[in-house]
Amino acid sequence: MARRLRPVGLDFAETAPLRLVFAREMAAPPEAVFRALAEDVPGWTEWFSAVRFARPTADGTGREIRLKGGTRFQETVLAADAPEVYAYRVDVTNAPGAHALLEEWRLTPDGTGTRVQWTFAADGGAPFRLALTLGRAGLGRAFRGAVTALDRRLAATHA
């Protein structure tokens with residue numbers, strides 16, 4: 001059953017009761033990474049293995065995402081500040097126990113490449129928070145795999 005979550009702002013990335021933060025370096029420059037994140041939403045299915053369906057909505061100010069396993073999200077893009085930050089909050093989901101969710105992708109130049117930092121900010125009931133805490137390693141693996149796949153994809157398209 002889909003349920004509406006509490007709307008949160010960008011500050012939730014810093015103030016959420018549960019924050020999972022992951023970082024990794026990429027060879028691609030920040031501008032290319034930002035374009036892949038913000039301007040090619042359907043392309044997420046090509047490099048983020050957990051994402052089965054992705055499309056922009058509301059003239060690009062929203063997103064519809066479906067994950068492997070059946071979890072669905074309707075999201076609002078809160079920041080698309082090229083090439084530094086791309087952030088969105090989840091407005092509606094079928095994920096049980098969630099009260100508020102926000103994801104922030106922060107891109108920083110790193111030599112000729114990019115340092116990508118992904119913050120997964122969440123609030124929910126105790127079982128939800130516990131599940132995310134226990135799932136931290138899996139989310140970290142998913143992030144690392146996605147960034148590696150995106151880096152390969154960007155290198156292939158710019159070769």
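These legends accompany a set of views of one predicted protein model.

The model is predicted, so local features need pLDDT of at least 70 and side-chain atom pairs count only at pLDDT 80 or more, while totals for chains, interfaces and linings use all residues. Residues are numbered from 1 along each chain as its sequence is written, and side-chain values use heavy atoms, with hydrogens and water left out.

Figure 1. Let us start with the overall picture. Helices (H or I, at least four residues) and strands (E, at least two) are DSSP runs numbered from the N terminus. Along the sequence they follow the pattern β-α-β-α-α-β-β-β-β-β-β-α-α. The radius of gyration is 15 Å, close to the 15 Å of the globule rule for 159 residues, so the protein is as compact as a globular protein of that length. Here the radius is taken over C-alpha atoms, and the rule is 2.2 Å times the number of residues to the power 0.38. Along the principal axes, the C-alpha atoms fill a box of roughly 45 × 30 × 30 Å.

**Figure 2. Surface, interior and charge of the protein.** Of the 159 residues, 45% count as buried; buried means under 20% relative accessible area, exposed over 50%, and partly exposed in between (1.4 Å probe, protein chains only). The accessible surface comes to about 8000 Å², and carbon and sulfur atoms hold 53% of that; these areas come from the Shrake-Rupley method with a 1.4 Å probe, and for residues only the protein chains shown count as cover. There are 21 positive and 18 negative side chains, and the centres of the two sets lie 9 Å apart. Lys and Arg count as positive and Asp and Glu as negative, without His or the chain ends, and each charge is placed at NZ of Lys, CZ of Arg, CG of Asp or CD of Glu.

**Figure 3. Arginine 153 and aspartate 40 in a salt bridge.** The structure holds nine salt bridges, each a side-chain nitrogen of Lys or Arg within 4 Å of a carboxyl oxygen of Asp or Glu. In this one, the closest N and O atoms are 3.4 Å apart. Arginine 153 lies in helix H5 (residues 136–157) and aspartate 40 in the loop between helix H2 (30–39) and helix H3 (44–47), so the pair ties together parts that are 113 residues apart in sequence. Both partners are partly exposed, arginine 153 at 30% relative accessibility and aspartate 40 at 29%.

**Figure 4. A buried pair, arginine 63 and glutamate 75.** Their salt bridge brings the closest N and O atoms to 2.6 Å. The pair links strand S4 (residues 62–67), which holds arginine 63, to strand S5 (residues 72–81), which holds glutamate 75, 12 residues apart.

Figure 5. Arginine 19 is partly exposed at 33%, whereas glutamate 14 is exposed at 56%.

**Figure 6. Glycine 9 in its loop.** Glycine 9 sits between strand S1 (3–4) and helix H1 (12–15) and is partly exposed, at 28% relative accessibility. Beyond its neighbours within four places in sequence, glycine 9 is in contact (heavy atoms within 4.5 Å) with Leu78 and Leu102. Valine 51 is 42 residues from glycine 9 in sequence and 24 Å away in space, C-alpha to C-alpha.
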